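The exercises below are meant to be worked with the sequence and the coordinates side by side. Try each task before reading the solution that follows.

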Amino acid sequence: MLEIRHLKSLIAIAETGKLVHAAERVFLTQSALSHQIRVLEKHYDTPLFQRTAHGIRFTPAGERLLALAREIVEAQEKAERDLIRLKSDQSGELRIVLECHTCFDWLTPVMDAFRRAWPEVELDLVAGFHSDPWHLLHDGKADLVIGSLPERLRDLDAIPLFKFEIMGVLPPEHELRNKPRLMAEDFTGQTLITYPVPEERIDVIRQVLKPANIEFSRRTSELTIAIMQLVASRRGIAALPNWGIQSYVEHEYVIAKPIGAQGLWSELHALGMPDVMTRSYTQDLARIIRDTCMEKLSEIKLL
């Protein structure tokens, strides 16, 4: 009765705290996941969860199955990696370029988990801002780019990771503070504080401001914390991923607003040359990124 897919569902529920997010993680609809849980509860004749105002809480029976799930799934994944190692040489190096520098906020736990799984693979970060990070792949200066899809893949393969919302970031006393969301015209005459990358790689400029012919000035900074300090000091406004600003919003240093009627969403992909992307440890890194970010970042959606 109890299958690996059930165990993975239990882990997803525990790590996300919500059925809707857990369903995305295990590639099911919410109704299909709910049905799966009801079948387990009927089989064992005991409830596995209690639904509270703060989310889902496991019952003692659910906690016992969750402990079993973590033990078995971890052992399964380790065995599968060992089989890959026995079949072929899986040592190597992955030199990673981050197009989105707020990715540093979640990269450390990802790298820790990857090193435990693949100790023979060396991870390295290619430092600095790059106007064309994908060019580094063709030049042999990097193995993997984590960022948006370029207009042309240029013989690259891509593994989709997740999508996230870009929020407008304002000082608490800003004149737009009472608006429920920011529209293109709200950026007119504003100073937009961004990372020092070309305008065509900045979503709010490419997707919102340029199509509406909005005139604005621009100031750049390489560090997220510096951008937040500039915004808090009323030197301008910003547009950044929701996970990169969460702690600053919680401490009321800045406020955040959705951009546009439907929100402004962007996507992250892992991109590399075909021979790199077919390697087992590259594909496992993508899986670890998806799993770790689904657990630690709020309001993202798996692709």
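**Exercise 1. The first helix**

Which residues are buried in H1?

Solution. The model is a predicted one, in which local features need pLDDT of at least 70 and side-chain atom pairs count only at pLDDT 80 or more, while totals for chains, interfaces and linings use all residues. Residues are numbered from 1 along each chain as its sequence is written, and side-chain values use heavy atoms, with hydrogens and water left out.

Step 2 is to apply the cut-off to H1, where the buried residues are His-6, Leu-7, Ser-9, Leu-10, Ile-11, Ala-12, Ile-13 and Thr-16.

Step 3 is to check the geometry of H1, which runs over residues 4–16: its 13 residues reach 18 Å from the first C-alpha to the last, close to the 18 Å expected at 1.5 Å a residue, where the expected span is 1.5 Å times one less than the number of residues. After H1 comes Gly-17, whose phi is positive, near 80°.

**Exercise 2. H1 against H3**

Describe how H1 packs on H3.

Solution. Two packed helices are described by the angle between their axes and the distance between the axes.

Step 1 gives the two values: the axes of H1 and H3 come within 11 Å and cross at roughly 110°, the axes being lines fitted to C-alpha atoms, for helices over the stretch in contact, with angles from 0 to 180 degrees between N-to-C directions.

Step 2 classifies the angle, and H1 is therefore roughly perpendicular to H3, given that angles under 35 degrees count as roughly parallel, over 145 as roughly antiparallel, 65 to 115 as roughly perpendicular and the rest as oblique. The crossing of H1 and H3 is left-handed, a term that applies if the near helix is turned anticlockwise from the far one by less than a right angle, with right-handed for clockwise.

Step 3 lists the contact (heavy atoms within 4.5 Å): H1 contributes Arg-5, His-6, Ser-9, Leu-10 and Ile-13, and H3 contributes Leu-33, Gln-36, Ile-37 and Leu-40. The residues of this contact of H1 with H3 divide into five nonpolar, three polar and one charged, where Ala, Val, Leu, Ile, Met, Phe, Trp, Tyr, Cys and Pro count as nonpolar, Asp, Glu, Lys and Arg as charged, and the others, Gly among them, as polar.

**Exercise 3. H5 against H11**

Solution. The crossing of H5 and H11 is right-handed.

Step 1: the contact is made by Trp-106, Pro-109, Val-110, Ala-113, Phe-114 and Ala-117 of H5 with Tyr-281, Asp-284, Leu-285, Ile-288, Ile-289, Thr-292, Cys-293 and Lys-296 of H11. The contact of H5 with H11 divides into eleven nonpolar, one polar and two charged residues.

Step 2: Val-110, found in H5, is buried, with a relative accessible area of 1%.

Step 3: the 17 residues of H11 should span 24 Å at 1.5 Å a residue, and its end C-alpha atoms are 24 Å apart, which agrees. The buried residues of H11 include Tyr-281, Leu-285, Ile-288 and Ile-289.

Methods: Helices (H or I, at least four residues) and strands (E, at least two) are DSSP runs, numbered from the N terminus. Buried means under 20% relative accessible area, exposed over 50%, partly exposed in between (1.4 Å probe, protein chains only).
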